[in-house]
Amino acid sequence: MTLLSYVKIWLACARYSIVRTMMFRFDFLMWALVEFGWMAVNLLLIAVIYRHTDDIAGWTKYQMLLLVGTSMLVQRFIMGFFWSNLFEMARNIRSGHFDFFLAQPGSPLFMVSTRKLDLDGIANSFVAMAVVAYAIDKLGLAPSFIDLALYALLVLCGVLINYGALLMIVSLTFWLGAAQGIEGSYFTMMEFSRLPRETFRGAANVIFVWILPAVIVSNVPARALLHGFEPHNAVWLLATTALWLGLGIAVFNRGLRRYASASS
Amino acid sequence: MSALAKYRHAFLLGLQSNIVYRWNFAIRALFSLFHLAFVFILWGAAYKGQTQIGGFDLDQTLTYFVLLLVMQFFIGAFNEDYQISEEIRNGLINQFLLKPINYYGYRFSIFIAARSVSGLLALLPIIVVLPLLKDHLVFPHEGWRLGLGLPAMVMAAFIQFTIAYCFGLLAFWFLEIQSFIILSLAVETVLGGQMFPLDLMPPWFFHLSQWLPYYYQMYFPTAIFTGRLDMSSALSGLALQAFWVVALLGIARLLWTRGLRRHTAVGG
């Protein structure tokens with residue numbers, strides 16, 4: 001299949017998702033509100049702590065807001081584009097419905113990952129963008145178009161890293177038959193992405209900064225806006241993206257070979 | 001069969017079925033250790049350059065969060081709301097309408113059983129990391145804190161469960177209640193003091209929160225035990241907490257009788 005046909009398929013899926021969302025408008029509104037509520041909770045935490053302190057590991061209130069906004073942006077994109085697809089993949093592997101994706105022409109990974117869009121996540125990504133824009137304004141930063149484009153690129157890397165990590169966890173279902181705690185592990189990891197890198201010391205630094213890609217997905221893009229583009233950080237993020245995306249795809253492909261369907 | 005014996009059986013049944021889910025609880029407890037790491041890193045960094053925040057030092061604040069975590073596993077509602085809504089949707093609830101058993105009492109017995117299991121399991125990872133934690137744990141020594149804290153904890157369990165129960169009963173009216181539950185969880189997380197100790201909020205907000213039931217879910221007992229409340233506010237708090245227990249029981253009763261009127265008992 002050519003690239004154009006993939007784009008066409010993606011657009012058809014997007015259209016289907018929009019139609020579906022419009023059918024269940026109240027549901028959409030409620031879930032958008034749920035996500036929004038949780039984002040507000042995290043912003044409130046920052047607001048409360050900065051009532052009592054001026055900086056956390058050298059980050060001022062609005063710098064921290066920029067960081068948290070960036071973390072939210074990455075997470076909203078994951079929620080909007082990939083979350084329910086990957087979540088359902090685990091269920092489909094167990095139930096045998098995964099056959100349906102294998103029977104389709106085109107890459108199974110593409111078919112599995114892009115079937116559905118969650119418009120509530122996408123809607124809230126605009127809220128996250130507004131948080132970032134507000135922080136930029138309060139900090140008096142004046143990013144050029146190129147700065148913003150680089151930021152967007154780094155955020156995209158963050159999304160791909162998360163996607164790779166999630167894909168890897170979910171693909172374990174091929175072996176384990178269950179992927180308990182996907183949600184728990186993902187949201188727990190994302191908590192660390194709302195912290196400045198400088199707060200991690202000792203073992204925490206090794207685990208959350210170097211081994212798990214929890215901290216850099218938000219810190220590298222946010223730093224790029226705050227302190228200008230830092231090539232070594234960008235290279236680090238790109239390498240991490242290649243690693244986790246590669247790992248996710250590799251585990252998925254190995255799992256695919258192992259998949260023997262389920263009796264119906 | 002005596003009235004109490006019925007609920008004792010429900011409790012024992014709940015104990016058995018929750019031991020089946022021990023791994024879920026264990027995994028959950030493990031994740032909460034990661035959350036604790038997040039809390040330690042964040043507050044540790046916030047305290048750099050100052051010894052006190054809101055009148056409390058770092059160790060007092062960390063103790064608050066550790067105790068809060070233990071409290072969640074002992075008295076917090078996990079998915080009781082979801083279970084109840086499922087029983088209504090599936091029609092499993094119909095059998096309780098025919099039997100001489102109170103549904104609230106039955107559910108509450110199972111809740112106590114579930115929390116006994118999850119509470120004890122949550123202690124395991126805490127004990128494992130205790131060598132790292134113990135230097136940070138500081139509890140006040142006044143005896144009255146235990147005397148007032150324990151009843152506060154028991155009433156907190158009632159409030160936790162009854163709010164979850166009410167949300168579960170919403171299934172009489174709505175097809176899908178999961179979004180209500182997660183949204184209200186966000187509110188509870190903030191107003192129950194799980195995100196940060198409520199006393200760090202602006203005074204007007206702190207006072208306002210004391211009139212809401214969420215304050216009495218987690219913050220109130222934890223704050224008594226960790227020395228964030230003095231005796232007079234603990235005593236007046238207990239009175240308000242008792243009011244909320246009664247009020248919520250009334251709301252639960254109302255939802256139950258109204259809900260049953262709508263209920264058509266299909267299937268079962």
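In chain A, the axes of helix 11 (residues 216-227) and helix 12 (residues 231-258) come within 10 Å and cross at roughly 150°. This is a predicted model, where local features need pLDDT of at least 70, side-chain atom pairs count only at pLDDT 80 or more, and totals for chains, interfaces and linings use all residues. Residues are numbered from 1 along each chain as its sequence is written, and chains are lettered from A and ligands numbered from 1 in the order in which they are written.

**The helix pair**
- Helix 11 of chain A is therefore roughly antiparallel to helix 12 of chain A (angles over 145 degrees count as such).
- Their crossing is left-handed (the near helix is turned anticlockwise from the far one by less than a right angle).
- Helix 11 of chain A brings I216(A), V220(A) and R223(A) to the contact, and helix 12 of chain A brings N233(A), A234(A), W236(A), L237(A) and T240(A) (in contact: C-beta atoms, placed from the backbone, within 7 Å).
- By class, this contact has five nonpolar, two polar and one charged residues.

**Where the chains meet**
- Chain B gives 26 residues to the contact and chain A gives 28 residues.
- On the side of chain B that touches chain A, helix 2 (22-46) and helix 9 (178-191) of chain B each supply at least two residues.
- Helix 2 of chain B provides the largest share of that side, 12 residues.
- That side of chain B has 18 nonpolar, six polar and two charged residues.

**Confidence**
- Chain B averages a pLDDT of 90, and 98% of the residues score at least 70 (pLDDT is the predictor's confidence in each residue, from 0 to 100).
- The model scores ipTM 0.89 and pTM 0.91.

Terms used. Axes are lines fitted to C-alpha atoms, for helices over the stretch in contact, and angles run from 0 to 180 degrees between N-to-C directions. Helices (H or I, at least four residues) and strands (E, at least two) are DSSP runs, numbered from the N terminus. Angles under 35 degrees count as roughly parallel, over 145 as roughly antiparallel, 65 to 115 as roughly perpendicular and the rest as oblique. Two residues are in contact if their C-beta atoms, placed from the backbone, lie within 7 Å. Ala, Val, Leu, Ile, Met, Phe, Trp, Tyr, Cys and Pro count as nonpolar, Asp, Glu, Lys and Arg as charged, and the others, Gly among them, as polar.
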